[in-house]
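Here are some notes to read alongside the structure. They go through ring pairs, cores, strands and helices in turn.

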Amino acid sequence: MNILNCLTKEELSKIKTIKISKNSTLFYEEEKCDSIGIIESGKVEISTFLSNGEKVIYNTLLPGEIFGSNLIFSTEPFYKGNVVTLTDSIIKIISEKDLKVLLKNNEKFLVNYLKFQSDFTKKLNSKIKLLSMDSAKDRMIFALENNKNNTIHFKTVNDLADYLGLSREATSRTITKLVNEGIITYKNKTISKK
C-alpha cells in the first residue's frame, strides 16, 4: 500500500511535491536528513562510490517507496549515499515537523509508516546476509529461496547483478552454471529454483 493513500486531501496539500529530471541528485552523501521522500512516480537510487571508484548501490526505490525514514529520527541523521533519480520522477517531501504531526494525528498513516519501517528492516537484514556470502552461487540460491515461489523476475542482467551485489559477468556465469547443473531454470528474464 502506498502510504500517501492514508492521507486526507488537506494533509496531502501541505506536502511539498518535487518534479525532477533523470540523473538529478536530490540529496548528497553526508547531507543532513531533515525530511522523508516518497516516490510518487519514477525510480530513485541510493548509492556511493568507494575510494577505488567502484559504485555501490544501497537501494533502488520505485513508486510508493520511502527514503530517509531510517535516518530522520536517528542520532546521526546523515545520508550514507547520494540519492539520485534514474528516471524523470515526482517525489513527495515531508519535513520532520510535518511528519511528526502526521504520525501523531493520523493513526492509519502511523500504522503504515511503522509497517514500512519493519519491512525495510527485514529487507535490509536479508540484504546484509546476502552480501556476506562469498560465492556467487550461494548468493543466487539464497536470493531465490527468499523470494516468493523461489523465483526472481528482472528487467536486465545488470539489475539482477546489482541486486546480488555481483558484476554482470559473474551473474551471467552463475546463471549458466546453475542451469547446467539443473539447479535453476532461466526463461524470459525469470530464474526459478527447481
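1. Rings of Phe, Tyr and Trp (its six-membered ring) count as a pair if their centres lie within 6.5 Å; planes under 30 degrees apart are called stacked, over 60 edge-to-face, and the rest tilted. With that in hand, look at Phe27, Phe67 and Tyr79, which ring pairs link into a cluster. Over the whole structure, the search turns up five aromatic pairs.

2. Some ground rules. The model is predicted, so local features need pLDDT of at least 70 and side-chain atom pairs count only at pLDDT 80 or more, while totals for chains, interfaces and linings use all residues. Residues are numbered from 1 along each chain as its sequence is written, and side-chain values use heavy atoms, with hydrogens and water left out.

3. Phe109 and Tyr113 are a stacked pair, with 6.2 Å from centre to centre and 25° between the planes. They sit four residues apart in helix α3 (residues 107-132), so about one helical turn separates them. Buried here means under 20% relative accessible area, exposed means over 50%, and partly exposed is in between (1.4 Å probe, protein chains only).

4. Another stacked pair is Phe154 with Tyr186: the ring centres are 6.1 Å apart and the planes are at 15°. This one links distant parts of the chain, since Phe154 is in the loop between β9 and α5 (157-164) and Tyr186 is in strand β10, 32 residues apart. Phe154 is buried at 8%, whereas Tyr186 is partly exposed at 37%.

5. Now the cores. A nonpolar core is a set of buried Ala, Val, Leu, Ile, Met, Phe, Trp, Tyr and Cys residues joined through side-chain atoms within 4.5 Å. Which residues touch the most other members of the largest one? Among its 31 residues, the answer is Phe67 and Phe109. Helix α3 gives this core its largest share, four residues. A second, separate core has 19 residues, including Leu130, Met140, Phe154 and Ile175.

6. Contact means heavy atoms within 4.5 Å. Ile20, in strand β1 (residues 16-20), is buried at 16%.

7. On strand pairing (DSSP must find at least two bridges between the two strands): β10 (residues 184-187) runs antiparallel to β11, joined by four bridges, with Ile184 opposite Lys193. Two residues lie between these strands in the hairpin, where Asn188 takes a positive phi near 50°. Strand β11 (residues 190-193) also pairs with β9 (residues 151-153), antiparallel over three bridges; there, His153 is partnered with Thr190.

8. Last, two helices. The axes of α5 and α6 (residues 168-180) come within 9 Å and cross at roughly 100°. Axes are lines fitted to C-alpha atoms, for helices over the stretch in contact, and angles run from 0 to 180 degrees between N-to-C directions. The two helices are therefore roughly perpendicular, a label for 65 to 115 degrees (under 35 is roughly parallel, over 145 roughly antiparallel, the rest oblique). Residues that meet here include Leu160 and Leu164 in α5, and Thr171 and Ile175 in α6.
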